Amino acid sequence: MSKENPKFNVGDIISFSRGLYHHWGVYYGQEHGKHYVVNVSGGESNSKPLAITSKLVKEELNKVAGKSAYSVYKELDKHNEPRSPEQMKADMDKMIGTKIKYDPFGKNCQHFATQIRYGKEISPEGESAAKSVGKNLSDFRAEMDPFSAK
């Protein structure tokens, strides 16, 4: 997709290719001639790698993309009804600045993007990664969770 003249609609899921994985955001709209997305950004981590607190932020699309290729991702529209642009934008406005507990398998940036677009969390990428990790995922999560009983 051309970075000079992208054609997006409010609520489109934007997929940013990061090599082995994709980063996901939701197109927010245009302000002052610049395109914006809302996405999961940054993280505060303790010593356990999956105990990450991230924040939902509104950022310029080109800043999020950096040198990565990006495109509109509508694959899930085949089986899920997108909500109205007004609903999606209202939810994004409420959620900007919210901190979330990030989990690459169960609460990742694709989960956020699909929650905004469809009203439910879906992450084929997270599910695929979880299957790769195998049957010990729940034990692994419990070990990484600072609040789990040990």
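Which residues do ring pairs link into a cluster? Before I answer, please keep in mind that this is a predicted model, in which local features need pLDDT of at least 70 and side-chain atom pairs count only at pLDDT 80 or more, while totals for chains, interfaces and linings use all residues. Residues are numbered from 1 along each chain as its sequence is written, and side-chain values use heavy atoms, with hydrogens and water left out.

The cluster consists of Phe 8, Phe 16, Tyr 27 and Tyr 70, linked by ring pairs. A pair of aromatic rings is described by the distance of the centres and the angle of the planes. Rings of Phe, Tyr and Trp (for Trp, its six-membered ring) pair if their centres lie within 6.5 Å, and planes under 30 degrees apart count as stacked, over 60 as edge-to-face and the rest as tilted. By this rule the count comes to four aromatic pairs. In one of them, the rings of Phe 16 and Tyr 70 have centres 5.9 Å apart and planes at 50 degrees, so this pair is tilted. The pair links distant parts of the chain, since Phe 16 is in strand S1 (residues 13-17) and Tyr 70 is in strand S5 (residues 70-72), 54 residues apart; strands here are DSSP runs of E with at least two residues, helices are runs of H or I with at least four, and both are numbered from the N terminus.

Are these two residues, Phe 16 and Tyr 70, buried or exposed? Phe 16 is buried at 0% relative accessibility, and Tyr 70 is buried at 4%, where buried means under 20% relative accessible area, exposed over 50% and partly exposed in between, with a 1.4 Å probe and protein chains only. Trp 24 and Tyr 73 form an edge-to-face pair, with 4.8 Å from centre to centre and 70 degrees between the planes.

Let us turn to helix H2. Met 88, Asp 91 and Met 92 are buried in H2, and, seen down the helix axis, the buried residues of H2 fall within an arc of 100 degrees, so they line one face of the helix; the arc is that of the directions from the helix axis to the C-beta atoms. Glu 86 and Lys 94, on the other side of H2, are exposed. After H2 comes Gly 97, whose phi is positive, near 95 degrees.

Finally, Gly 119 is found in the loop between helix H3 (109-118) and helix H4 (124-133), and at 37% relative accessibility Gly 119 counts as partly exposed.
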